[in-house]
Amino acid sequence: MNKKFTDSLKNPFNYGLIGGVVIVYFSAIGIVEVFSERNLIGESLSLGHLMLFFGALFAGIFTSKKIEHDNPLPNILSGAFAGLVSSIFPLALYYIGTHFNLREIFINVTPNLMDLLLFGRESAATGLFLFMLTTTLLGMIGAGYYLLPDVIKKPFTSGFAWTLGIALFSENVTQILRTLDKLVRDRSPQSTFIRDNIRTIFQDGSLVPNVAFWIFLISFGITLARVLLAAKKMDQPAVVEEELTPKKKLAKQITNMVLLAVVLVFAPVFIGRFLSQVLFLVGLYIMMGLGLNIVVGYAGLLDLGYVAFFAFGAYTMGILTTTTNLNPGGGLNFWMTLPIALMVSVTAGLILGFPVLRMRGDYLAIVTLGFGEIIRILALSDWLAPIMGGAQGVLKIPNPVFFGKVLDTPETLYYIVVAGSLIAGFISVRLRDSRLGRQWMAMREDEDVAEAMGINLVQTKLLAFSIGAGFSGLAGAIFSARLGNIFPHSFNLLISVNILSLIIVGGLGSIPGVVIGSFILVGMPELLREFNEYRLLMYGILLIVMMLNKPEGFIPAEIFKRELHAKDEELAGAQAD
Amino acid sequence: MLKMKNWQGHRLTKDNNMPSILSVRNVTKRFGGLVAVNSLSIEIPKNSISAVIGPNGAGKTTFFNCITGFYTADQGIMEFNGTVINHFGPDKITNLGITRTYQNIRLFSEMTAMENILVGQHPRLKTFWAESILRTKRFVNEEQQALEEAQRLLNFVGMQGLGDQVARNLPYGAQRRLEIARALASNPDLLLLDEPTAGMNPNETGEMTRFIQHLRDELGITILLIEHDMRVVMGISEQITVLDYGSKIAEGKPKEIQNNPRVIEAYLGRGAASGLEAAAA
């Protein structure tokens, strides 16, 4: 065997091993087994299968990425090899798991899991052979998939994404369809079209195979058409795209806004209670995310105790609206308390801001972390229990009343959150594009020079802290009015971490990034209940993958894109020279 | 009132008919046991180009940092346009009318050239931050004017069309000029330039020298610079102060400095002055 050949096997081997480790890991922590209950398409493909195989698939894709050949054969072969290698560890797991008792350490290595690895076959030999064959095939598919030209790759990706997406969110899709069904039947009680079809699309929460096939075909077709159309447009360079005139631009903007407004206003009507609740939560996190985005994204002050301001808002709302020792005659109403909650949290932002003015980076992060904990512990303490209720929290917070109508359902409270997020977004945009926004940006870039440009650091930092705190306080007030009861342990560090993660995943300093981040990190886990147990694991994986591949986030702000890709640009520049 | 005028008149004759814009008296700055600036007194005449020179580690940049408020002087008085600025922070001093550039360029490197200048304009802009949320007429007008002014400054330093470039990607010379433009944006009375021609080739150096002269002549800004390139220093400065180990060892016109034995000694070592004289003879 010559050296070249062995060398060429090195990459597939490594990727295969990594893929195998992923498979074994998912198996050993129980994801595979738990998810195998959840059928995606018919009875044949479960979420567990997906978890089991994606290691092999990605081993193939990465292998193929590393090799550049005009001829697809080497890629496919090494993909197959990678797939085959990725079965080594799972097979070892099977062998060890059946011969020794691993369950004292890995309680999830159950006989059930062993059966899964054999695809339910009786004989171990056939089962394991089948397993190896599958991973090998998947490796090949992965490698081949990477080689496909964009024109075919994109439709394939979109087809798979839609099919799996609908299967994954089957419960929510069903809910939307049910709500629609109800709306239709309110008008014409005879029409049972939607209701009948729900059953033909989903059975026990899994997509019926031929429907899945049709969904795949339709999304494949649509994307193919779009790709082809785009390609055709590219072929005609004669048509110079005209700059949009300001008037046209404005018209376009207005149309977009009206569309957005219509969607936002009518969404709860169509999506039902549960999804409205999810949207409510997402909106709450968007508000907080926008606030923290000002502190971290714009001003560059790493604040890990952001949840404290959320707590300030929530407790202000709770204490002032309920009947307590402080106001025995009964509380204020929601709308009167809202500005007070805002003021209280802004003041809290100022109070936190003062002692940490001189701190930078890590030190600031630690101090704010401590601040967040102090607030939580104060809320929990016996000392403040007469006011804040101690561990019992504040109970029976009234719902907001809007012109005589009690807003007590997610569908109605949703509107308050939407209004709050829109205001927060508006303020964020306006501030970013103003002198204050530039001050923050300059301060983040170089504090000393910013000061030498005449910028008052004290004022600029305090403004960032207090405006950010204000957004969070409003969110807290709305949150407590929605829940009705608040407890100190609702305001733990995890919320700060969540908000920070969603900003980073979405794109630091970017407003659409905050929205996307909230949907991904707050909305998705609510919808994918199966993953709830593994929520933090998924967070971790997502964050690591993001940091490695797209450190600037999904929708990056221009300035961070520049910063994080400075090296690439320099390299490109050096090559161009 | 009359008395005052007389007194000032007296000073005028003393300082070559020019009132001083910055007067530094007996300023000392220590870092632990090290005396970086030792009882230094300098008068910077209004509308002049002055230079501070000295070997490496003579305390020139420390002196700049004291003037701009980055360090607080341990002793002495610094007076700018009649205001004692000893205990002012950097932002306040900039707002009074002193701006600076840095030895190793310190632009906001990820921001565009335009944004850099806009930040520099900070002391001149007056709208309250909340006005930007409401987009009041005052705010919109001010922003518009700021943009126009920034464009004008960009053109002034010869960087037409480079406004959208990220500062980091600009060529070295342009970065130097952008830093000056940013400093000019606040409309200063006194501009401190810390080695403006460092790292430049003779061609660029010549250009920068002319540019500095142009600054003074066109905009009437007083300039104080630290410089190592003697051709630049001797060519444009009207007053030169020489520092060595934090103390002033000589002061005067370029001609006087060139022939000062203590200066030659500081630069070339003990005995060098007499050696040179011998060589000349």
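**A tour of chain B**

Start by colouring chain B by its two domains: domain 1 is 1–97 + 194–281, and domain 2 is 104–187. These bounds come from an automatic or database domain assignment. Residues are numbered from 1 along each chain as its sequence is written, and chains are lettered from A and ligands numbered from 1 in the order in which they are written. This is a predicted model: local features need pLDDT of at least 70, side-chain atom pairs count only at pLDDT 80 or more, and totals for chains, interfaces and linings use all residues.

**Confidence**

Colour by pLDDT, the predictor's confidence in each residue, from 0 to 100. Chain B has a mean of 86, and 90% of its residues reach 70 or more. The model scores ipTM 0.86 and pTM 0.85. Now select residues 1–16 of chain B. Here pLDDT stays under 50, and the model has eight contacts beyond four places in sequence for this stretch. Where pLDDT is low, the predicted coordinates should not be read in detail.

**The sheet**

Next, show the strands. Helices (H or I, at least four residues) and strands (E, at least two) are DSSP runs, numbered from the N terminus. Find the open sheet of six strands in chain B, in the order E6-E7-E8-E3-E9-E10, with mixed pairing. Strands pair if DSSP finds at least two bridges between them. At the edges are E6 (98–100) and E10 (247–252) of chain B, each pairing on one side only. Neighbouring strands are turned by 20° against each other on average, direction ignored.

Which helix packs on this sheet? Select H2 (residues 60–67) of chain B: H2 touches E3 (49–53), E6, E7, E8 (222–226) and E9 (239–244) of chain B. Its direction makes about 150° with that of E7(B). Axes are lines fitted to C-alpha atoms, for helices over the stretch in contact, and angles run from 0 to 180 degrees between N-to-C directions.

Zoom in on E6(B) and E7 (residues 190–194) of chain B, which pair in the parallel sense over three bridges. Arg100(B) stands opposite Leu192(B) in E7(B).

Seven residues of domain 1 of chain B are in contact (C-beta atoms, placed from the backbone, within 7 Å) with five residues of domain 2 of chain B. On the domain 1 side, H3 and H8 (202–219) of chain B each supply at least two residues.

**Towards chain A**

Finally, show both chains. Their contact takes 27 residues from chain B and 25 residues from chain A. On the chain B side, select H3 (90–96), H4 (113–120) and H5 (129–134): each supplies at least two residues.

Terms used: Two residues are in contact if their C-beta atoms, placed from the backbone, lie within 7 Å.
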